[in-house]
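Please examine the sequence and the structure shown below. The briefing that follows is arranged by topic.

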Amino acid sequence: MNIVLLGIQGSGKGTLVQDLENHFDFSLVSVGLLLREEIASHSALGNKIKELVDKGLLVDLDIVMNVINKKLSTSKKPIIIFDGFPRNAEQADKLDEICNIDLVIYLNLRKEIAIDRVLNRLTCKDCGDITTLKGNEDYTCKLCGGKLYRRSDDTVDAIHTRFEQYEEETYPLIERYRRRGVLVEIDASKTPSEVLVDVMKVIKL
Ligand SMILES: [Zn+2]
């Protein structure tokens with residue numbers, strides 16, 4: 001079963017993926033992660049990717065499809081979850097060429113709530129835990145005592161730009177999958193555990 005996860009930043013995709021790992025056996029296709037793995041493997045392809053990344057260039061779609069293909073052909077898991085891919089129509093076309101998407105889970109969250117979540121998000125310098133400003137006004141990690149900080153790209157302007165780009169590119173995808181009858185919309189304004197319950201209801205094996 002091939003599942004695509006769609007959701008704006010702040011919609012809780014990362015948390016959901018972590019929670020799903022306790023319930024399902026799946027391979028995660030996260031393009032950033034796959035590219036980093038390929039670089040670490042020192043393969044010819046990995047070296048080419050490193051060259052592009054070092055120059056600050058975008059990794060082109062053919063290379064991205066190459067690493068995705070590799071992952072799909074070696075995965076023995078019953079479920080594949082695509083996280084953050086496809087992002088636009090061109091990527092969705094390419095994905096259609098290599099596999100059948102059975103389910104698209106769209107974590108729907110109002111832009112205002114998403115912005116509020118991202119602005120109130122703090123990350124621990126030491127253990128990487130992600131938490132909220134509320135209840136952590138002393139900027140100290142409750143797990144390890146490390147210092148909490150706000151990501152430098154989480155400014156109001158940067159968030160608005162990212163969200164505009166997201167709407168422009170991803171909304172057509174939502175419509176595309178809706179027309180195809182594979183889209184399930186989940187209310188992402190609920191708590192992570194409520195979202196997990198809703199998502200588990202739609203992933204049937
Ligand atoms: Zn910590």
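**Briefing on a predicted model**

Of the 58 residues that make up the largest nonpolar core, Leu20, Ile68, Phe82, Ile105 and Ile203 touch the most other members. A nonpolar core is a set of buried Ala, Val, Leu, Ile, Met, Phe, Trp, Tyr and Cys residues joined through side-chain atoms within 4.5 Å. Helix α4 (residues 61-74) supplies the largest share of this core, 7 residues. This is a predicted model, in which local features need pLDDT of at least 70, side-chain atom pairs count only at pLDDT 80 or more, and totals for chains, interfaces and linings use all residues. Residues are numbered from 1 along each chain as its sequence is written, and side-chain values use heavy atoms, with hydrogens and water left out.

**Confidence**
- The average pLDDT (the predictor's confidence in each residue, from 0 to 100) is 92 for the protein, and 100% of the residues score at least 70.
- Helices (H or I, at least four residues) and strands (E, at least two) are DSSP runs, numbered from the N terminus.

- Leaving aside neighbours within four places in sequence, isoleucine 105 is in contact (heavy atoms within 4.5 Å) with Ile3, Val4, Leu5, Leu6, Val184, Ile186, Val199, Val202 and Ile203.
- Another core, of 5 residues, lies apart from the largest one, and its members include Leu122, Cys124, Leu133 and Leu148.

**Zinc site**
- Cys124, Cys127, Cys141 and Cys144 coordinate the zinc ion through their SG atoms at 2.3 Å.
- Donors are N, O and S atoms within 2.8 Å of the metal (3.2 Å for Na, K and Ca); water is not among the atoms, so sites may look incomplete.
- Along the chain, the donors of the zinc ion follow the spacing C-x2-C-x13-C-x2-C.
- Cysteine 127 is partly exposed, with a relative accessible area of 40%, whereas cysteine 141 is buried at 6%.
- Buried means under 20% relative accessible area, exposed over 50%, and partly exposed in between (1.4 Å probe, protein chains only).

**Sheet**
- An open sheet is formed by 3 strands in the order β6-β5-β7, with antiparallel pairing.
- Two strands pair if DSSP finds at least two bridges between them; β5 and β7 pair over 2 bridges.
- Cysteine 124 has leucine 148, in β7, as its bridge partner.
- Arginine 121 lies in strand β5 and counts as buried at 18% relative accessibility.
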